[in-house]
Amino acid sequence: MRTGIATVCLSGTLREKMQACAIAGFDGIEIFEQDLVTSPLSPEDVRKMAADLGLTLDLYQPFRDFDSVPDELLAANLRRAEAKFRLMSRLGMDTILVCSNVATASIDDDGLRAEQLAALAALAQDHGVKVAYEALAWGKYVNDYEHAHRLVETVGHPNLGTCLDSFHILSRDWDTAPIESFNPEKIFFVQVADAPKLSLDVLSWSRHFRVFPGEGQFELAKFLGHVVRAGYTGPVSLEVFNDVFRQSDVERTAVDAMRSLIWLEEQTAKWLDANPSGGQGSGAPATGRRRYPMELATLPQVAEPGGFNFAEVRAADSAGLETLLGQLGFAFNGRHRTKNVQLWTMGNARVIINEDSSQESRDDGAAVAPAISALGFDVDSPVIAAARAQQLKAPAVPRKSQADEEIFQGFAAPDSTEIFLCQGSPDGTAVWTREFGEGLEAPAAARNGEQGAVIDHVNLAQPWQHFDEAVLFYTSALALEPQPYAEVASPTGLVRSQVMLTRDRGVRLVLNLAPLIQREGADSAAGTTAGTGQRPTYQEHIAFAVVDLVATARAAKARGLDFLRIPENYYEDLDARFGLDPAFLATLRDLNLLYDRDAEGEFLHFYTATVGSVFFEMVERRGSYDGYGAPNAPVRHAVQYDHLHQLNLTP
């Protein structure tokens, strides 16, 4: 599949955009008119630079408001078009995007539109240019791609075809199956964009909320599958208008964009295999295995992770973490024999404390406060899973290992969290734990029935400019399924929460996009990495599931654990909502436990105080409860905010 991207998707100058596209591995680009008009590069410079970078110049766009106009305006439009055709000749480009009229259209007459498009096609032919006519979703008279295609067929000129844009089609819920019947020679260009489902006027939706494939909710694999069946062989190009992308690092955004097309290509191939065509598109074979003119590459296939293998917290000063884990009931299993890391375990829940001296200070010289730095996942084949991630543009992060040590396949997530792929075992154990134990006669045993503990979920804060990138990354590289996102109230604004999980819930990853509000002293108190641009001012946590939360909490209280203190108002409200047994409610209140219930079961949990930017949560799921205690999240945010504010006011 030939890949492309419109320069409007990216931040920076035209030169920077072209360089980023080449680095990301795109085959070609669309030149957005404004990018050229504002560039000091001449058309000849752009043409040469594209050739030097190995990029084809696939589409010049947009040419607006041509059709459905009176004769006097048509003459002006043709003059304007001829100027653009001469410019395209200097660029070495042969296809222009012409959008259906939204502004100056005053005559609703398909016969007139066909005559005007025919005149444009004839003029384009004189200059060696092809016209790709696109139905904008908000077009005044032409807003349906089938309508645009009928006009193209009516004109019947070799230099007039159609452009199929997934946003304009899917935002209007048009059926995409008719695409298969289109003559592929009349499909001049295909643009793709994803988007979240929003109740918004389509123009605002289009201009501000498009995202790359896999980062929204459109059925893009189905759309592109119909295009492939039609026999189309041209570029599949991204056209995304997004305020965040236009403010983000250009090279990183280009890589994210390329990852989305790699993912879409694979998903389209899967859709075609799973949905045999009931009819025959122009490009489909009549018999035998269905192959199409557009070849779709696939990635190494991997199963979803079986569970969390470990979570790692990096800290220059680990004393607070050690105390906290010990109070929760974790056993210290010693230090690694060659690395400056500790292992703490509770059942099959494993926490590594990384004291790597190379990470001791921030850019401003301050010590790095404890923060989640890595996650390990159990997978069937770490090597194959790592190969898939690398093909999806994930940067590798290998760790030094000696000959007798476990070798982890690793790569970096968009928020800089390191992801390691571990060989899973049926009983949930990990072979690499044998490398720990230095200084211990024997590892400590689990206490208080905590042998059944596991990592239930991990909550990671995401930089505002890379939230959508993270969703696609975990979807494509780790086969996690994104759930509908929720918004949780906090004292600093709404927190967007996106759950990513496996079908069996063995892995639950929660991505949070928090309001980015800086306050004096907040960096040192919250443990953020100021100056790195990697993490927002927001806390993260690891949640551990146990079989008896009340017993775990009582034991932790006896060891002196500093619980997150829940206000009395919460328990009064809890009693009003659920009518709990007074003795049970008293237990919750005494231990600072939170509670939720739905038709499927119950959920008990408590939080620790925060060390650096990390805190821990202990949970117990009763019945088939599948949530995270969402009604309790505003309480937790408010209490943590008060605690942080008090720290900032301390002289």
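Two strands count as paired here if DSSP finds at least two bridges between them. Helices (H or I, at least four residues) and strands (E, at least two) are DSSP runs, numbered from the N terminus. The structure is a predicted model, in which local features need pLDDT of at least 70 and side-chain atom pairs count only at pLDDT 80 or more, while totals for chains, interfaces and linings use all residues. Residues are numbered from 1 along each chain as its sequence is written, and side-chain values use heavy atoms, with hydrogens and water left out.

**View A. Strand β20 has antiparallel partners in β18, β19 and β21.**
Begin with β20, which covers residues 493-501, and look for its two bridges to β18 (residues 481-482). Here P482 faces M500 of β20. Strand β19 (residues 486-490) is joined to β20 by five bridges, and V488 sits opposite V495 in that pairing. Two residues separate β19 from β20 in the hairpin that they form. The hairpin of β20 and β21 has six residues between its strands, and R505 in the turn has a positive phi of about 65°.

**View B. Eight strands make an open sheet with mixed pairing.**
To trace the sheet, follow the order β14-β15-β13-β9-β12-β11-β10-β16. Its edges are β14 (409-412) and β16 (436-438), each of which pairs on one side only. On average, neighbouring strands are turned by 30° against each other, direction ignored; for such angles, axes are lines fitted to C-alpha atoms, for helices over the stretch in contact, and values run from 0 to 180 degrees between N-to-C directions. Within the sheet, β11 (residues 341-346) and β12 (residues 349-354) run antiparallel and share six bridges. A handy landmark in this pairing is W344, whose bridge partner in β12 is V351.

**View C. Helices α11 and α12 accompany strands of the sheet.**
Helix α11 (residues 319-328) packs on the sheet and touches β9 (307-314), β11 and β12, where contact means heavy atoms within 4.5 Å. The direction of α11 makes about 15° with that of β11. Helix α12 (residues 382-391) lies across β13 (371-379), β14 and β15 (418-423). Relative to β15, α12 runs at about 150°.

**View D. Helices α1 and α3 pack with their axes 10 Å apart.**
The two helices, α1 (residues 14-24) and α3 (residues 43-53), meet at an angle of about 20°. From α1 come L14, R15, M18, Q19 and A22, while α3 brings V46, M49, A50 and L53. By residue type, the contact has seven nonpolar residues, one polar and one charged. In this scheme, Ala, Val, Leu, Ile, Met, Phe, Trp, Tyr, Cys and Pro count as nonpolar, Asp, Glu, Lys and Arg as charged, and the others, Gly among them, as polar.

**View E. V236 is a buried residue in strand β8.**
The strand that holds V236 spans residues 236-238. V236 counts as buried because its relative accessibility is 0%; buried means under 20% relative accessible area, exposed over 50%, and partly exposed in between (1.4 Å probe, protein chains only). Leaving aside residues up to four places away in sequence, V236 touches M1, R2, T3, G4, V190, V192, L224, L261 and M294. The C-alpha atoms of V236 and E265 are separated by 9.5 Å, and these residues are 29 apart along the chain.

**View F. Backbone details to look for are a cis peptide bond and positive phi values at K393 and N592.**
The cis bond joins Q61 and P62, with omega about -5°. P62 belongs to strand β3 (residues 56-63). K393 is in the loop between α12 and β14, and its phi is near 70°, a positive value in a residue other than glycine. With a relative accessible area of 33%, K393 is partly exposed. N592, also a residue other than glycine, has a positive phi near 60°. Its loop runs between α17 (582-591) and β23 (594-598). N592 is buried, with a relative accessible area of 11%.
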